[in-house]
Amino acid sequence: MKGINLTKVSNLATWIMWHNIRKNARLANNLDIRKSDIITSEEYNQYVDKSYIHIKIDEPLLEWKLEDLVASYTVIKDDKGICKFVICQYDYGDGLKRANIILAECAEEYTNEYQYAMAKILVDIKNDFDLICIWEPKSEGKKRSLKKLGFLKNIVSKEGSPFIIKILTDEEEKIQVLSNSDNWNPRQIETDTMINLSKRKGI
């Protein structure tokens with residue numbers, strides 16, 4: 001009995017994955033996906049889920065954080081913006097071209113549109129990068145969508161990430177809000193790992 005050809009198995013798995021991604025991308029044809037190489041703080045804050053504790057991003061901070069912006073994508077349905085994706089590029093010393101999706105927001109009722117639009121964006125940037133990363137969302141629907149598109153289980157969970165807080169206030173009501181992890185959903189742009197990450201070489 002011949003041994004398993006791992007290369008052929010891997011190639012087949014990759015083909016199946018991209019076949020599935022392109023199938024999902026075709027389902028986005030009824031969506032108006034607008035690509036831009038700029039994004040304003042007003043646009044960014046419009047799509048941030050304000051039910052969580054978050055940083056209000058102003059224009060100087062956005063320009064500083066998004067020095068290596070690749071593109072922002074706005075998904076329009078029935079003349080309404082329903083999803084926003086923001087992608088940046090980061091160069092590491094390993095020679096890999098890596099993109100990070102630092103914003104991927106939409107309301108829960110648009111989970112299908114989120115999946116189809118994400119697939120179309122992956123097809124759009126496929127030839128430009130070796131790897132694309134996204135912080136795992138809290139939404140179970142979005143987690144399922146990302147899994148269907150071939151995203152692996154998160155390698156470093158946010159529970160074990162450098163994102164930690166120190167509560168300074170003595171007000172009990174504020175302490176209860178800030179110490180409840182359900183109130184937090186940090187985005188990558190809100191962390192110091194965004195600062196000059198593109199300038200770090202030889203990691």
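Trainee: How many helices and strands are there in the protein?

Mentor: There are 6 helices and 5 strands. Helices (H or I, at least four residues) and strands (E, at least two) are DSSP runs, numbered from the N terminus. This is a predicted model, where local features need pLDDT of at least 70, side-chain atom pairs count only at pLDDT 80 or more, and totals for chains, interfaces and linings use all residues. Residues are numbered from 1 along each chain as its sequence is written, and side-chain values use heavy atoms, with hydrogens and water left out.

Trainee: Thanks! In what order do the elements run from the N terminus on?

Mentor: They run α-β-α-α-β-β-β-α-β-α-α.

Trainee: Let me pick one residue. Why is threonine 74 called buried?

Mentor: Buried means under 20% relative accessible area, exposed over 50%, and partly exposed in between (1.4 Å probe, protein chains only). Threonine 74 has a relative accessible area of 12%, so the word buried applies. This residue lies in strand 2, residues 69–77. In the whole protein, buried residues make up 36% of the 203 residues.

Trainee: Which residues does threonine 74 touch, not counting residues up to four places away in sequence?

Mentor: Among them are Asp32, Glu43, Cys83 and Lys84. A contact here means heavy atoms within 4.5 Å.

Trainee: What makes the pair of threonine 74 and lysine 84 a polar contact?

Mentor: A polar contact is a pair of N or O atoms within 3.5 Å; within protein, one must be able to donate a hydrogen and the other to accept it, and residues adjacent in sequence count only if both atoms are side-chain atoms. The side chains of threonine 74 and lysine 84 are joined at 2.4 Å, and the pair is listed as a polar contact.

Trainee: Lysine 84 also meets glutamate 43. How do you know that this is a salt bridge?

Mentor: The rule asks for a side-chain nitrogen of Lys or Arg within 4 Å of a carboxyl oxygen of Asp or Glu. For glutamate 43 and lysine 84, the N to O distance is 3.0 Å, and the pair is a salt bridge. Glutamate 43 is in helix 2 (residues 41–46) and lysine 84 in strand 3 (residues 80–91), 41 residues apart, and the pair links distant parts of the chain. Lysine 84 is buried because its relative accessible area is 1%, while glutamate 43, at 26%, is partly exposed. Side chains of opposite charge can pair when their charged atoms come close.

Trainee: How many salt bridges does a search of the whole structure find?

Mentor: The search finds 7. One of them joins lysine 142 and glutamate 105, with the closest N and O atoms 3.9 Å apart. Lysine 142 lies in helix 5 (residues 140–148) and glutamate 105 in strand 4 (residues 97–106), so this pair ties together parts that are 37 residues apart in sequence. Lysine 142 counts as buried at 7%, and glutamate 105 counts as buried at 12%.

Trainee: What separates glutamate 140 and lysine 143 in helix 5?

Mentor: About one helical turn, because they are 3 residues apart in that helix. They form a salt bridge too, with the closest N and O atoms 3.3 Å apart.

Trainee: Finally, how many disulfides are there?

Mentor: A disulfide is a pair of cysteine sulfur atoms within 2.5 Å, and the count comes to 0. For cysteine 83, the nearest cysteine sulfur, that of cysteine 106, is 3.6 Å away, and cysteine 83 is in no disulfide. With a relative accessible area of 0%, cysteine 83 is buried.
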